[in-house]
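Dear colleague,

I am passing the structure below on to you, with notes on what turned up when it was examined. Please read the notes with the sequence and the model open beside you.

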Amino acid sequence: MELNQVTVPCTDYAASVDFYGRLGLVQIVDSPPRYARFESSAGSTLSIHAAERGAAPESTTIYFEVPDVDAAVAAIRARGLEFERDPVDQSWLWREAYLRDPANNLICIYHAGENRRNPPWRIRQ
(Lines give C-alpha, C1' and ligand atoms only; values in the text may rest on other atoms or scores of the structure.)
Protein backbone atom coordinates (compact mmCIF):
# COMPACT_ATOMS: atom_id res chain seq x y z
CA MET A 1 0.00 0.00 0.00
CA GLU A 2 1.03 3.57 -0.61
CA LEU A 3 -0.21 6.44 1.58
CA ASN A 4 -0.83 9.33 -0.78
CA GLN A 5 -4.17 11.02 0.04
CA VAL A 6 -5.52 12.41 3.32
CA THR A 7 -8.82 14.27 3.83
CA VAL A 8 -9.29 16.45 6.89
CA PRO A 9 -12.42 18.24 8.09
CA CYS A 10 -12.69 22.01 7.93
CA THR A 11 -15.12 24.48 9.48
CA ASP A 12 -14.29 27.55 7.36
CA TYR A 13 -13.80 26.59 3.71
CA ALA A 14 -12.31 29.90 2.50
CA ALA A 15 -9.89 30.16 5.42
CA SER A 16 -8.76 26.55 4.92
CA VAL A 17 -8.23 27.03 1.18
CA ASP A 18 -6.20 30.15 1.92
CA PHE A 19 -4.15 28.39 4.62
CA TYR A 20 -3.16 25.37 2.51
CA GLY A 21 -2.33 27.62 -0.44
CA ARG A 22 -0.10 29.70 1.80
CA LEU A 23 1.45 26.55 3.13
CA GLY A 24 2.70 25.86 -0.39
CA LEU A 25 0.27 23.24 -1.70
CA VAL A 26 -1.20 23.70 -5.17
CA GLN A 27 -4.99 23.61 -5.32
CA ILE A 28 -6.19 21.19 -8.02
CA VAL A 29 -9.93 20.82 -7.19
CA ASP A 30 -12.30 23.55 -6.01
CA SER A 31 -15.86 22.58 -5.05
CA PRO A 32 -16.93 25.32 -2.62
CA PRO A 33 -18.13 25.40 0.02
CA ARG A 34 -17.54 21.73 0.82
CA TYR A 35 -14.42 20.25 -0.84
CA ALA A 36 -10.99 21.20 -2.14
CA ARG A 37 -7.97 19.09 -3.04
CA PHE A 38 -4.33 20.13 -2.99
CA GLU A 39 -1.18 18.57 -4.40
CA SER A 40 2.29 18.52 -2.87
CA SER A 41 5.44 18.88 -4.91
CA ALA A 42 5.97 15.12 -4.44
CA GLY A 43 2.57 14.39 -5.97
CA SER A 44 0.69 13.32 -2.84
CA THR A 45 -2.65 14.99 -2.24
CA LEU A 46 -4.51 16.41 0.75
CA SER A 47 -8.17 17.34 0.76
CA ILE A 48 -10.38 19.44 2.99
CA HIS A 49 -14.06 18.65 3.44
CA ALA A 50 -16.51 20.91 5.29
CA ALA A 51 -17.68 19.65 8.67
CA GLU A 52 -21.24 20.42 9.74
CA ARG A 53 -21.49 23.84 11.38
CA GLY A 54 -21.07 23.65 15.12
CA ALA A 55 -19.95 20.04 14.99
CA ALA A 56 -16.48 19.10 16.08
CA PRO A 57 -14.70 16.86 13.59
CA GLU A 58 -15.07 13.24 14.68
CA SER A 59 -12.34 11.65 12.62
CA THR A 60 -9.89 11.96 9.79
CA THR A 61 -10.12 9.86 6.65
CA ILE A 62 -6.88 8.20 5.58
CA TYR A 63 -6.63 6.80 2.05
CA PHE A 64 -4.45 3.89 1.01
CA GLU A 65 -4.30 3.27 -2.72
CA VAL A 66 -3.99 -0.29 -3.99
CA PRO A 67 -4.01 -1.68 -7.54
CA ASP A 68 -6.99 -4.01 -6.84
CA VAL A 69 -9.44 -2.94 -4.12
CA ASP A 70 -11.35 -6.23 -4.04
CA ALA A 71 -8.19 -8.31 -3.62
CA ALA A 72 -6.85 -5.98 -0.92
CA VAL A 73 -10.16 -6.08 0.99
CA ALA A 74 -10.14 -9.89 0.84
CA ALA A 75 -6.56 -9.98 2.16
CA ILE A 76 -7.33 -7.52 4.97
CA ARG A 77 -10.45 -9.45 5.96
CA ALA A 78 -8.34 -12.62 6.04
CA ARG A 79 -6.23 -10.87 8.70
CA GLY A 80 -9.34 -10.48 10.88
CA LEU A 81 -10.41 -6.89 10.19
CA GLU A 82 -14.01 -5.97 9.35
CA PHE A 83 -15.20 -3.40 6.83
CA GLU A 84 -18.02 -0.87 7.27
CA ARG A 85 -18.57 -0.59 3.54
CA ASP A 86 -17.69 -3.11 0.87
CA PRO A 87 -15.96 -2.03 -2.36
CA VAL A 88 -18.07 0.21 -4.57
CA ASP A 89 -17.44 2.32 -7.68
CA GLN A 90 -18.01 5.98 -6.81
CA SER A 91 -19.31 8.79 -9.04
CA TRP A 92 -15.93 10.56 -8.65
CA LEU A 93 -14.30 7.64 -10.51
CA TRP A 94 -12.69 5.88 -7.53
CA ARG A 95 -13.40 2.36 -6.26
CA GLU A 96 -13.53 2.46 -2.44
CA ALA A 97 -14.08 0.33 0.67
CA TYR A 98 -14.10 1.62 4.26
CA LEU A 99 -13.13 0.44 7.73
CA ARG A 100 -12.21 2.25 10.97
CA ASP A 101 -9.09 2.19 13.09
CA PRO A 102 -9.27 1.75 16.89
CA ALA A 103 -9.51 5.55 17.34
CA ASN A 104 -12.55 5.66 15.03
CA ASN A 105 -10.65 7.28 12.15
CA LEU A 106 -12.04 6.24 8.80
CA ILE A 107 -9.70 4.27 6.55
CA CYS A 108 -10.39 4.07 2.83
CA ILE A 109 -8.84 1.34 0.72
CA TYR A 110 -9.22 2.61 -2.81
CA HIS A 111 -8.07 2.73 -6.39
CA ALA A 112 -8.26 5.95 -8.38
CA GLY A 113 -5.32 5.60 -10.73
CA GLU A 114 -4.90 8.68 -12.89
CA ASN A 115 -8.18 10.14 -11.57
CA ARG A 116 -6.64 10.85 -8.15
CA ARG A 117 -4.46 13.68 -9.44
CA ASN A 118 -6.06 14.30 -12.82
CA PRO A 119 -9.84 13.93 -12.61
CA PRO A 120 -11.83 15.20 -15.61
CA TRP A 121 -12.85 18.24 -13.48
CA ARG A 122 -9.29 19.17 -12.46
CA ILE A 123 -8.62 22.91 -12.38
CA ARG A 124 -6.43 23.81 -15.34
CA GLN A 125 -3.39 25.85 -14.29
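**The cysteines**

The sulfur of Cys-108 lies 19 Å from the closest cysteine sulfur, that of Cys-10, which is too far for a bond. The structure accordingly holds zero disulfides, a disulfide being a pair of cysteine sulfur atoms within 2.5 Å. Cys-108 is buried at 0% relative accessibility, and Cys-10 is buried as well, with a relative accessible area of 4%; here buried means under 20% relative accessible area and exposed over 50%, with partly exposed in between, for a 1.4 Å probe and protein chains only.

Please keep in mind that this is a predicted model, in which local features need pLDDT of at least 70 and side-chain atom pairs count only at pLDDT 80 or more, whereas totals for chains, interfaces and linings use all residues. Residues are numbered from 1 along each chain as its sequence is written, and side-chain values use heavy atoms, with hydrogens and water left out.

**The sheet**

Eight strands form an open sheet in the order 2-3-4-1-5-8-7-6, with mixed pairing; two strands pair if DSSP finds at least two bridges between them, and helices (H or I, at least four residues) and strands (E, at least two) are DSSP runs numbered from the N terminus. Strand 2 and strand 6 (85-89) stand at the edges with a single partner strand each, so one side of each is left without a neighbour in the sheet. From one strand to the next, the twist averages 20 degrees. Strand 1 and strand 4 run parallel and are joined by six bridges, and Gln-5 has Thr-45 in strand 4 as its bridge partner.

**Helix 1**

In helix 1, which spans residues 13-23, Tyr-13, Ser-16, Val-17 and Tyr-20 are buried. These residues cover an arc of only 100 degrees around the axis, which puts them on the same side of helix 1; the arc is that of the directions from the helix axis to the C-beta atoms. Ala-14 and Arg-22, on the other side of helix 1, are exposed.

The buried residues of helix 1 pack against strand 1 (2-10), strand 2 (26-31), strand 3 (35-39) and strand 4 (45-50), where contact means heavy atoms within 4.5 Å. Just after helix 1, Gly-24 takes a positive phi of about 115 degrees.

Note on methods:
Axes fitted to C-alpha atoms, helices over the stretch in contact; angles between N-to-C directions.
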